[in-house]
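Me: I would like to go through this model term by term, asking what each description rests on. Please set each value against its definition before you conclude.

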Amino acid sequence: MYKVKMGVIGYGNMGTQHVSNIMAGKVPGMELAAVCDISERRLDAVKKKYPQIPVFNNAEDMYKSGLCNAVIIAVPHYDHPPLAIKAFEYGLNVITEKPAGVYTKQVKEMNEAAKKSGKLFGIMYNQRTRPVYQKLREMIRRGDFGHIKRITWIITDWYRPQAYHDSSTWRSTWKTEGGGALINQNPHQLDLWQWMFGMPDRIFAKASFGKYYDIEVEDDVMAYFEYDNGTTGEYITSTGETPGTNRLEIACDMGKAVIENNTFMFYRNIISEREHNKINKEPFGKPECWECKIPVDFNGTDHVGILRNFTDALLNGRELLARGEEGINGLTISNAIHLSAWTGETVDIKSFPDDKFYELLCEKIKNSKVVKKVQQIVVDNSNTY
Ligand SMILES: NC(=O)c1ccc[n+]([C@@H]2O[C@H](COP(=O)([O-])OP(=O)(O)OC[C@H]3O[C@@H](n4cnc5c(N)ncnc54)[C@H](O)[C@@H]3O)[C@@H](O)[C@H]2O)c1
């Protein structure tokens, strides 16, 4: 029987988890074919734990070996597109970790390479497997909410103290990570946002860089989104608040939906507010509203679910839950927030200026004064992502 022979690139926090899930047999139809890491110390850890698994200190050597028919890219962000492009050239199927890359210009090239290769391309947007977001998306698509007036997502439970920023040489610098809270922690929510509500048309944002930590990248962000149809959005995130909040609130013609504290509530107007407004004659009249608790699970199959879905797509032609090509959407929002915060201008998403963003990013890299001396260490992989 055909099997997915997976090569894992990067045996750090996330790669370790992917390897251990595959080795534990949690992904039927997928076997671990090889592991690659540029760190000899990390490769020694693989050899010790899984002596039977071939290891490589260079991704291209692993691609050439013929041992794999697919790879997972779990290395720092800038390297996602070049490693994926090379893998496609070798005829391999690819899952990339989030974010798709650091800047849209780079990710467009990766998407082109994926298309040209005809290979399967997935992205590790594990939160798409969570039933609560699937349910919300289904309700939006079915029209249960009517017109959406306002979306507010406060996602500040990504607390990361200084010790986290210091835990690896690549973290929290323009040159090696390409951003902070937006590019590392928030790709999941920015993806879910566009997956559920569609892409905003314009973004204005303010961000603080190194407000809470000794870092040069953003650790606190407030963004304002506009849609051509009148919907507005606020996106608030921080890695400096604890205890944080994860509250998604949707104000709509049919009432209000709130997802917070493992509860999904729909405060449902019996008629739409616009309809009510037409017929109501009382100065303070409101439509009757019912409190509905939507019965839904909050836990998804997450990383294992994405790997299973990828396997099912390769072996049985099933549709991918998270197509790699869609990674550019959340990244465009992230880049637009950065761009607006840097320039003070509103950014048009439909004609996002890829080159201008890249130029300004290069300036940040050039002017960076950060010298990271910390030895790369692998922190506990029980992080909640
Ligand atoms: N989906 C999720 O829930 C989730 C969670 C954590 C991290 N991530 C993502 O996974 C990626 C890796 O993050 P991490 O926390 O595991 O980082 P990490 O620093 O712990 O591990 C990265 C590993 O990649 C290796 N590496 C670096 N460049 C390489 C290259 N060119 N070829 C081969 N190996 C290379 C390093 O030696 C290191 O062992 C990032 O994109 C991160 O955003 C995703």
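Reply: Gladly; this is a predicted model, and its protein chain holds 12 helices and 15 strands.

Me: What share of the contacts joins residues 24 or more positions apart?

Reply: Contact means heavy atoms within 4.5 Å, and among the contacts with a separation of 6 or more, residues 24 or more positions apart account for 70%.

Me: Why are strand 3 and strand 6 called edge strands?

Reply: They belong to an open sheet of 6 strands with parallel pairing, in the order 3-2-1-4-5-6. Strand 3 (55-56) and strand 6 (121-123) each pair on one side only, and these are the edge strands.

Me: How do you know that strand 5 pairs with strand 6, and that strand 1 pairs with strand 2?

Reply: Two strands pair if there are at least two bridges between them. Strand 5 (residues 93-96) is joined to strand 6 by 3 bridges, in a parallel run, and Val94 stands opposite Phe121 in strand 6. Strand 1 and strand 2 have 6 bridges, again in the parallel sense, with Val35 in strand 2 as the bridge partner of Val8.

Me: What makes helix 1 mostly covered?

Reply: Of the 11 residues in helix 1 (residues 13-23), 8 are buried, each with a relative accessible area under 20%; among them are Met14, His18, Val19 and Ile22. The cover over the buried residues of helix 1 includes strand 1 (4-9), strand 2 (30-36), helix 2 (40-49), strand 4 (70-73) and helix 10 (302-316). Strand 1 is itself mostly covered, with 5 of its 6 residues buried. Just after helix 1, Gly25 takes a positive phi of about 75°.

Me: Why is one side of strand 14 and of strand 15 left without a neighbour in the sheet?

Reply: These strands belong to an open sheet of 9 strands with mixed pairing, in the order 14-13-12-11-7-10-9-8-15. Strand 14 (289-293) and strand 15 (347-348) stand at the edges with a single partner strand each, so one side of each has no neighbour in the sheet.

Me: What are the bridge partners of Arg202?

Reply: Strand 8 (residues 202-209) is joined to strand 9 (residues 218-226) by 8 bridges, in an antiparallel run, and there the bridge partner of Arg202 is Glu226, while Phe209 stands opposite Glu218. Strand 8 also pairs with strand 15 in the antiparallel sense, over 2 bridges, and in strand 15 the bridge partner of Arg202 is Asp348.

Me: How far apart are the mean positions of the positive and negative charges?

Reply: With Lys and Arg counted as positive and Asp and Glu as negative, the protein chain has 48 positive and 48 negative charges, and their mean positions are 2 Å apart.

Technical notes. Residues numbered from 1 in each chain as written. Predicted model: local features only at pLDDT ≥ 70, side-chain atom pairs only at ≥ 80, totals over all residues. Heavy atoms only, no water. Helix = DSSP H or I, 4+ residues; strand = E, 2+ residues; numbered from the N terminus. Charge placed at Lys NZ, Arg CZ, Asp CG, Glu CD. Buried < 20%, exposed > 50% of the residue type's maximum accessible area, 1.4 Å probe, protein only.
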